[in-house]
Amino acid sequence: TSSRRRASPARRLALANQKGGVGKTTTAVNLATALASTERVLLIDLDPQGNASTGLGVPRTSRGAGTYALLTGEKTLAEVIHPTPIPNLSLLAADSDLAAAEVELVGEERRERRLADALDAGAEVLAGFDRIIFDCPPSLGLVTLNALVAAHAVIVPLQAEFFALEGVSQIARTLDRVRRGLNPALELEGIVLTMVDRRNNLSEMVGADVRSFFKDKVFDTTIPRNVRVSEAPSHGLPVILYDSRSLGAQAYIQLAHELLKRERARKRQAGTVARQG
Ligand code: ADP
Ligand code: MG
């Protein structure tokens with residue numbers, strides 16, 4: 001990474017949903033890759049499965065210490081961040097011990113703030129990044145809570161299926177709880193519908209339901225079910241690099257554009273409000 005430093009802190013985005021298999025990791029990896037074409041991005045893998053690390057082509061054997069060592073305070077941020085084969089994209093990998101953190105941290109002080117504290121302590125290092133993306137495990141346990149406390153905003157990937165709305169209200173309640181206590185500024189950046197199958201009526205109906213409930217919190221961009229997306233991780237590549245012309249890749253590139261557009265619009269609005277004072 002370059003030595004260019006930014007004036008404002010890197011925006012921290014968490015990909016969270018307590019359900020597994022909804023596209024958190026796929027979205028984290030591809031959003032990170034798409035954003036890395038214009039920003040310096042750090043992806044933090046918080047799932048002991050380590051799928052985000054694998055999906056970026058960083059094999060288990062070359063990961064060294066990762067998020068577990070950071071959360072327990074064994075290592076500093078500078079010691080656990082590594083470059084990836086993708087330009088402008090760095091990785092803080094998940095070590096398999098991370099599964100134990102859920103239990104081990106319970107008795108610790110500031111247990112929900114471990115990640116936020118470690119990032120604050122590593123401010124020097126983070127000054128080299130524009131964006132930090134957290135890939136969360138499939139639970140609303142202590143590790144996900146750490147991400148929600150450290151994040152500025154959350155993106156919820158949602159698979160358009162029968163119980164989707166029920167699942168999203170559970171995470172919405174968790175976000176409310178975090179806002180009332182540990183991180184009042186936490187925003188819901190948006191909900192992204194994943195693995196959408198246009199030929200499937202249920203998928204369409206659930207999508208419409210989610211939109212009528214969460215309105216413009218739902219990204220216009222939806223991610224189609226696409227076989228190239230599911231093939232990409234076994235090649236150690238984000239689908240954007242594995243097959244950039246596939247529908248899945250195009251959707252993720254579009255999602256990154258939509259995210260940047262929304263962020264710019266909000267910034268402008270905030271500026272207007274501030275001037276009107
Ligand atoms: P999570 O991180 O929420 O558990 P993943 O991103 O790992 O979910 O996705 C679960 C599985 O579905 C993976 O095998 C992934 O490759 C596959 N998958 C994700 N998104 C798509 C998609 N749009 N089309 C096809 N397969 C997908
Ligand atoms: Mg995952």
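The largest nonpolar core of this predicted model has 81 residues. Within that core, Ile133 and Ala147 are the residues with the most contacts. Leaving aside residues up to four places away in sequence, Ile133 touches Leu13, Leu15, Ala28, Leu31, Ala32, Val41, Leu43 and Ile44. In soluble globular proteins, nonpolar side chains tend to be buried together. Across the protein as a whole, 43% of the 277 residues count as buried.

The overall fold can be described next. The secondary structure comes to 13 helices and seven strands. The C-alpha trace spans about 50 × 50 × 40 Å along its principal axes. A compact globule of 277 residues would have a radius of gyration near 19 Å, and the protein, with 18 Å, agrees with this. Among the contacts with a separation of 6 or more, 77% are between residues 24 or more positions apart.

One pair of helices shows how elements of the fold pack. Two packed helices are described by the angle between their axes and the distance between the axes. For helix 9 (residues 164-180) and helix 10 (residues 201-214), the angle is about 35 degrees and the axes are 10 Å apart. Helix 9 contributes Ala164, Leu165 and Val168 to the contact, while helix 10 contributes Val206, Asp209, Val210 and Phe213. By class, the residues of this contact divide into six nonpolar, no polar and one charged.

Helix 10 also holds Arg211. Is Arg211 buried or exposed, or does it fall in between? The cut-offs settle this: a residue is buried if 20 or more other C-beta atoms lie within 10 Å of its own, and exposed if 12 or fewer do. Arg211 has 15 other C-beta atoms within 10 Å, so it is partly exposed. Its C-alpha atom is separated by 9.3 Å from that of Ile191, a residue 20 residues apart from Arg211 along the chain.

The ligand site remains. Ligand 1 is surrounded by 18 residues, and the closest are Lys24, Thr25, Thr26, Val229 and Ser230. The elements that give two or more residues to this shell are helix 1 (24-35) and helix 11 (227-231). Helix 1 gives the most, with three residues. In terms of class, the shell around ligand 1 has six nonpolar, 10 polar and two charged residues.

Definitions and conventions:
Residues are numbered from 1 along each chain as its sequence is written. Chains are lettered from A and ligands numbered from 1 in the order in which they are written. This is a predicted model: local features need pLDDT of at least 70, side-chain atom pairs count only at pLDDT 80 or more; totals for chains, interfaces and linings use all residues. A residue is near a molecule or strand if its C-beta atom, placed from the backbone, lies within 6 Å of it. Helices (H or I, at least four residues) and strands (E, at least two) are DSSP runs, numbered from the N terminus. Ala, Val, Leu, Ile, Met, Phe, Trp, Tyr, Cys and Pro count as nonpolar, Asp, Glu, Lys and Arg as charged, and the others, Gly among them, as polar. A nonpolar core is a set of buried Ala, Val, Leu, Ile, Met, Phe, Trp, Tyr and Cys residues joined through C-beta atoms within 7 Å. Two residues are in contact if their C-beta atoms, placed from the backbone, lie within 7 Å. Axes are lines fitted to C-alpha atoms, for helices over the stretch in contact, and angles run from 0 to 180 degrees between N-to-C directions. The radius of gyration is taken over C-alpha atoms; the globule rule is 2.2 Å times the number of residues to the power 0.38.
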